[in-house]
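I open this notebook to set down what I looked up in one structure. The entries follow the order in which I took up each topic.

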Amino acid sequence: MKALPKGETINVTENLNFYAGHEPKNLIEKYESPLYVYNENIFRQKCKDMKNIVSYENFQVNYAIKANTNLTLLSIAREEGLCADVSSSGEIVAAMAAGFLPNEIIFIANNISAKEMLFAIEKGILISVDSISQLETYGKIAKGSNVAIRFNSGIGGGHHEKVITGGDGTKFGIMPEYIPQIKEILKKYNLKLVGINHHIGSQNWGDLYIDGVKELLNIAYQFKDLEFIDLGGGFAIPYNKQNGEKPLNLEVLKQLLESYMNEFKESYGKNIKFMIEPGRYIAAECGIVLGTVNSIKTNGEIKYAGTDVGFSVFARPTLYDAHHDIEIYRQSNNSEAENIKEEINIVGNQCESGDYIAKERYLNLKEEDIIAILDAGAYGYSMSSNYNHRPRPAEVLIREDGSLELIRKRESLEDIIKNMIDL
Ligand code: LLP
């Protein structure tokens, strides 16, 4: 690995010992490019951070597995004492395959069919419904059972409008003014409301999260005998580490959360369970995507580095204009003169102009360079696709002892067409 000129932005992976002595080039030779690489130490640390976010005794962390459903990572999360928040029957299957028991899984459902409800009910998994009509449907098929409800507490926020899930402009949760109807339906079907939850959106820093907590607790007071309150996920991670962005201040959050939890416990008169549902915080920073620069070109004024990481592999920049730090691992010798940085767009190999990884970065890139897209462990592989009939990449885990483990095979070209021919 050759160093780029002085003044290069922070080398994040080196500071973290991310590769534990492995060379990105060797990883790609062994598992092909592009490749998802995860670090077990970092994943475990993030699980621990969330477990310890408060010292409130009756506390549970439900990992929102939509962020990354790799079965090996799920089973590590379970070893770390986390439970699972799922959003579909597919995620139920993944969570159970990784060893989560039904009572360690909560299904935060949105607009699901009665059939999908039954799938969860038959497995003994608690469902949180998020509309009056879904509560009716649930009541009809599961009379006399336990249920949870997702509220829309009016607070919403996130890194992009597409990921804001609270407030007027979103489809999620039941607004508090419907509480009288909720109570009627609960009574009509003899349902026990065991818990309430909300989720204000994704990639939020502390203040807004706390605003949301206050609103949800106000709602909670309107129901007697809840067993839990689930405050949702959405904890932010620093995507701009190379520019010195600092992580979420967990200490400040801890003090605020604990004070609200303890105060609620006192006035509600019950040692109620509090839950959170982090996804991104748990999985983002343990994962990167390695890719290869296949071409360099200039169209008009703009220089492009064309890589094999299209938006079928990693969709966040294309979907949300999301920033991800990039590291470059040079494979060839360069003269100093060749190392001059210039503005460049890093793009993928899909047939759409929106297909990009990084825009207007000030970098020096050459053909055959290997690049790493950092903080790609959450909503990376889980949002990948077969667009343009490209197989999804493999996933490799760097274990705590530094050994490598293939935790998902690369798809083959045959895999992509098999459901159309094995009919
Ligand atoms: N709970 C519920 C009900 C959720 O809908 C989500 C995420 C979470 C928890 C976890 O949120 P987190 O802690 O990961 O922010 N694909 C987008 C993020 C979408 C999040 C969807 N819901 C992205 O790549 O930014």
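This is a predicted model: local features need pLDDT of at least 70, side-chain atom pairs count only at pLDDT 80 or more; totals for chains, interfaces and linings use all residues.

**Entry 1: Confidence**

Residues are numbered from 1 along each chain as its sequence is written, and side-chain values use heavy atoms, with hydrogens and water left out.

The chain averages a pLDDT of 95, and 97% of the residues score at least 70. Over residues 1–7 the pLDDT stays under 50. For that stretch I recorded 13 contacts beyond four places in sequence, a contact being heavy atoms within 4.5 Å.

**Entry 2: Helix α7 and Gln 134**

I asked which residues of helix α7 (residues 132–141) are buried. They are Gln 134, Leu 135, Glu 136, Tyr 138 and Gly 139. I used relative accessible area throughout: buried means under 20%, exposed over 50%, and partly exposed in between (1.4 Å probe, protein chains only). The buried residues of α7 pack against α6 (114–123), β5 (126–129), β6 (146–150) and α8 (179–188).

I then looked at Gln 134 by itself. Its relative accessibility is 8%, and therefore Gln 134 counts as buried. Leaving aside neighbours within four places in sequence, Gln 134 is in contact with Asn 110, Asn 111, Ile 112, Met 117 and Val 129. The side chain of Gln 134 also reaches the backbone nitrogen of Asn 111 at 3.3 Å.

**Entry 3: Salt bridges**

How many salt bridges does a search of the whole structure find? The search finds 24. I counted a salt bridge where a side-chain nitrogen of Lys or Arg lies within 4 Å of a carboxyl oxygen of Asp or Glu. Side chains of opposite charge can pair when their charged atoms come close.

Arg 399 forms a salt bridge with Glu 40, with the closest N and O atoms 3.3 Å apart. This pair links distant parts of the chain: Arg 399 is in the loop between β16 (394–398) and β17 (404–408), and Glu 40 is in helix α3 (residues 40–51), 359 residues apart. I found Arg 399 partly exposed, at 21% relative accessible area, and Glu 40 buried, at 3%. Both belong to a network of salt bridges that links Glu 40, Arg 44, Lys 48, Glu 79, Glu 80, Arg 399, Glu 400 and Glu 405.

Lys 270 and Asp 225 meet in a salt bridge at 3.0 Å, N to O. Lys 270 is in the loop between α10 (250–268) and β9 (273–276), and Asp 225 in the loop between α9 (206–220) and β8 (228–230), 45 residues apart. Lys 270 is partly exposed, with a relative accessible area of 26%; Asp 225 is also partly exposed, at 45%.

Glu 285 forms a salt bridge with Lys 241, the closest N and O atoms being 2.9 Å apart. Glu 285 lies in the loop between α11 (280–283) and β10 (287–299), and Lys 241 in the loop between β8 and α10, 44 residues apart. Both Glu 285 and Lys 241 are buried.

**Entry 4: The ligand**

Which of the 20 residues around the ligand come nearest? They are His 159, Ser 202, Glu 277, Arg 316 and Tyr 379; a residue is near the ligand if one of its heavy atoms lies within 4 Å of it.

An N or O atom in the side chain of Ser 202 is 2.3 Å from one, a polar backbone atom of Arg 280 is 2.7 Å from one, and a polar side-chain atom of Arg 316 is 2.6 Å from one. The protein covers 92% of the 580 Å² of accessible area that the ligand has on its own, by the Shrake-Rupley method with a 1.4 Å probe.

**Entry 5: Backbone angles**

The peptide bond from Ser 33 to Pro 34 is cis, with omega near -5 degrees. Pro 34 lies in the loop between α2 (24–31) and β1 (35–39).

Glu 360 is not a glycine, yet has a positive phi of about 50 degrees. Glu 360 sits in strand β14 (residues 356–363) and is exposed, with a relative accessible area of 58%.

Terms used
pLDDT is the predictor's confidence in each residue, from 0 to 100. Helices (H or I, at least four residues) and strands (E, at least two) are DSSP runs, numbered from the N terminus. A polar contact is a pair of N or O atoms within 3.5 Å; within protein, one must be able to donate a hydrogen and the other to accept it, and residues adjacent in sequence count only if both atoms are side-chain atoms.
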